[in-house]
Amino acid sequence: MEDRSLYEVLKTARLNERCAVMADVKFRSPRDGELIAPGNLDGYLDALIEGGVAAMSTPTDPVYFAGGIDLAARIRARTALPLMRKEFFSTLSQIDESVNAGFDAIQLSLNTVAPGQVERLRDRAVRLGLEVVFGVHNEDHIREAVSLGAVVIAVNNRDIVALELDTGTVSRTEELIATIPHDVFVISESSFYTKADVARAGEAGAEAVLVGTALAQSANPTELAKELNGARLWPR
Ligand SMILES: O=C(O)c1ccccc1NCC(=O)[C@H](O)[C@H](O)COP(=O)(O)O
């Protein structure tokens, strides 16, 4: 029986008072161009695992992020860590596809999912056993996520609607986190480069950070992951 769970990773982080590091396996980004060559994927994943990342995500959008279900399947085959899908979700078939590809969780970013679609997508995901993370970028999104019964909220420090071309930093998480109920786990996403950035997320009370570009651009992703790991998580 599968026991991979992103929720469990976040619960453990809270228990141990240590901010977990999640790796976003992002092949390209609109801001930075190519990040991971598909030919280097297996070695890159092994380096992340050796570095002690607690979970992974991957954007499957082919247009802006050069991702895909085929690449996700390669990630799934290489690691037993919890794996979350990032996508511009709009159809129920994408949810079914996520299960078939072996994802454990999906992120429904409330600024990208069409109004009225969120409940349908969430209900299908829950019914099929996927964990659901609500992606937010402002207080309105947080209110909406809470009203939808969120267990996990991901604060994206950058604006995905602007394809993350903006200059958002962890300060967005610091500003918004007080409006998130204590019993909801928080992932702070995007713009993490240094140990000091992760320390700020931990001090704000985020159970995890999601790191993509910095790991992909690092000459030594294993060492960087180790360096980012272990930040103190302060109670909210
Ligand atoms: O966040 C989404 O909903 C999303 C949907 C489709 C494609 C990509 C998406 N997000 C990408 C990210 O959030 C970032 O890649 C991730 O936080 C890592 O950021 P960084 O460390 O700054 O590369």
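## From one residue to the whole fold

Thr 213 is partly exposed, because 18 other C-beta atoms lie within 10 Å; with C-beta atoms placed from the backbone, a residue is buried if 20 or more others lie within 10 Å of its own, exposed if 12 or fewer, and partly exposed in between. The model is predicted: local features need pLDDT of at least 70 and side-chain atom pairs count only at pLDDT 80 or more, while totals for chains, interfaces and linings use all residues. Residues are numbered from 1 along each chain as its sequence is written.

Thr 213 is found in helix α10. Helices (H or I, at least four residues) and strands (E, at least two) are DSSP runs, numbered from the N terminus. Leaving aside residues up to four places away in sequence, Thr 213 touches Ser 29, Asp 32 and Leu 35; contact requires C-beta atoms, placed from the backbone, within 7 Å. Its C-alpha atom is separated by 21 Å from that of Ala 73, 140 residues apart along the chain.

Together with Pro 59, Ser 109, Glu 189 and Gly 212, Thr 213 comes nearest among the 23 residues around the ligand, where a residue is near a molecule if its C-beta atom, placed from the backbone, lies within 6 Å of it. At least two residues of this shell are supplied by each of β6 (105-109), β10 (208-211) and α10 (213-217). The shell has eight nonpolar, nine polar and six charged residues; Ala, Val, Leu, Ile, Met, Phe, Trp, Tyr, Cys and Pro count as nonpolar, Asp, Glu, Lys and Arg as charged, and the others, Gly among them, as polar.

Beyond four places in sequence, Val 209 touches Cys 19, Val 21, Met 22, Ser 188, Phe 192, Val 198 and Ala 201.

Val 198 and Ala 201 are among the buried residues of helix α9 (residues 195-204), which also include Asp 197, Arg 200, Gly 202 and Ala 204. The cover over the buried residues of α9 includes α8 (171-176), β9 (185-189), β10 and α11 (221-228). Just after α9, Gly 205 takes a positive phi of about 105°.

Val 155 lies in strand β8 (residues 152-156). Val 155 counts as buried because it has 28 C-beta neighbours inside 10 Å. Its contacts beyond four places in sequence include Leu 176, Val 186, Ser 188 and Glu 189.

Helix α1 (residues 6-16) has Leu 6, Val 9, Leu 10 and Ala 13 as its buried residues. Viewed down the axis of α1, these fall within an arc of 95°, so they line one face of the helix; the arc is that of the directions from the helix axis to the C-beta atoms. An α-helix has 3.6 residues a turn, so residues three or four places apart point the same way. Glu 17, which follows α1, has a positive phi near 55°.

Overall, the protein has eleven helices and ten strands, and 48% of its 236 residues count as buried. Among contacts between residues at least 6 apart in sequence, 67% join residues at least 24 apart.

Conventions. Contact = placed C-beta atoms within 7 Å.
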